[in-house]
Amino acid sequence: YTFCSSGIPETVKKITYQCFDDIPAGKNINIPKGVVENVELFTYYKNWNKVTISPKNKKYKAVDGCLLTKNGKKLLGFLKKKEKVVIPKTVKRIPSWGDYCGVSTIVIPKSVTRIERYALNTDEPVTVKIAKDNKRYAVKNGSIYSKVSGRLVSGYVKNGVLNIPENVTVIREHGLLGSRPKIVIIPSSVKEIYDIGNLVEGSHLTCVMKGENPPKLVDL
């Protein structure tokens, strides 16, 4: 389906990738019950004034600017630009990829018990706050890490610098809260690095090792 000013017909089941090109900002849109494929594309176009989803849609729903699965347990991305997004307390899982750009602050509730690898990527630095009683995840130096495994979940990058917190022991398939870093400060707590190349994209990278012994480089 390609978007037209008359809205989305009830018969539509699938959204195409370029259907929101050249749409003026500030429009309201309702996703009808029949659209059950590629609804995640609505999160890549964040100039909507308001996005609603038919309560009869069996696969998706929208809550407080978040696109969720119908049962509310899985976050699929954000539907509009907002200063602050509070993820609903029904959410338990944040999957890989997804579009989380367009916000300044993300609040993660205690209900979230799984943030998958390569999740929570943003183009600009984003402040993340996590409920203190979340048993799995925490934030330090702006970066998200797992309190259970020591994995760097998503690294906070500002002014080209990623200062990895000392709580991190493993760097593997992480997200980035900001653009690719030019300088990465790696604490002595890090014992294994699986994908240092994931931090580099066509540019030089300076790694500052704070420990006496460098981490082990491990093939994926």
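Trainee: In this predicted model, does lysine 46 count as buried or exposed?
Mentor: The relative accessibility computed for lysine 46 is 8%, and a residue has to be under 20% to be called buried.

Trainee: With which residue does lysine 46 form a salt bridge?
Mentor: Side chains of opposite charge can pair when their charged atoms come close. A salt bridge needs a nitrogen and a carboxyl oxygen within 4 Å, and here the closest N and O atoms are 2.2 Å apart. The partner of lysine 46 is therefore aspartate 99.

Trainee: Is aspartate 99 buried or exposed?
Mentor: Aspartate 99 has a relative accessible area of 13%, which has to be set against the limit of under 20% for a buried residue. By that limit, aspartate 99 is buried.

Trainee: Which residue forms a salt bridge with aspartate 133?
Mentor: The closest N and O atoms of this pair are 3.8 Å apart, and the cut-off for a salt bridge is within 4 Å. Because 3.8 Å meets that cut-off, the pair counts, and the partner of aspartate 133 is lysine 110.

Trainee: How many aromatic pairs are there, and are the rings of tyrosine 45 and tryptophan 48 stacked or edge-to-face?
Mentor: Rings pair if their centres lie within 6.5 Å, and by this rule the count comes to four. The rings of tyrosine 45 and tryptophan 48 have centres 4.9 Å apart and planes at 70°. Planes over 60 degrees apart count as edge-to-face, so the answers are four pairs and, for these two rings, edge-to-face.

Trainee: Which residue has a ring that pairs with phenylalanine 78?
Mentor: The two ring centres are 5.2 Å apart and the planes stand at 80°, so this pair is edge-to-face. Phenylalanine 78 lies in strand E5 (residues 75-78), while its partner, 22 residues apart, lies in the loop between strand E7 (93-94) and strand E8 (103-108). That partner is tyrosine 100.

Note on methods. Residues numbered from 1 in each chain as written. Heavy atoms only, no water. Phe/Tyr/Trp six-rings, centres within 6.5 Å; stacked < 30°, edge-to-face > 60°. Helix = DSSP H or I, 4+ residues; strand = E, 2+ residues; numbered from the N terminus. Salt bridge = Lys/Arg side-chain N within 4 Å of Asp/Glu carboxyl O. Buried < 20%, exposed > 50% of the residue type's maximum accessible area, 1.4 Å probe, protein only.
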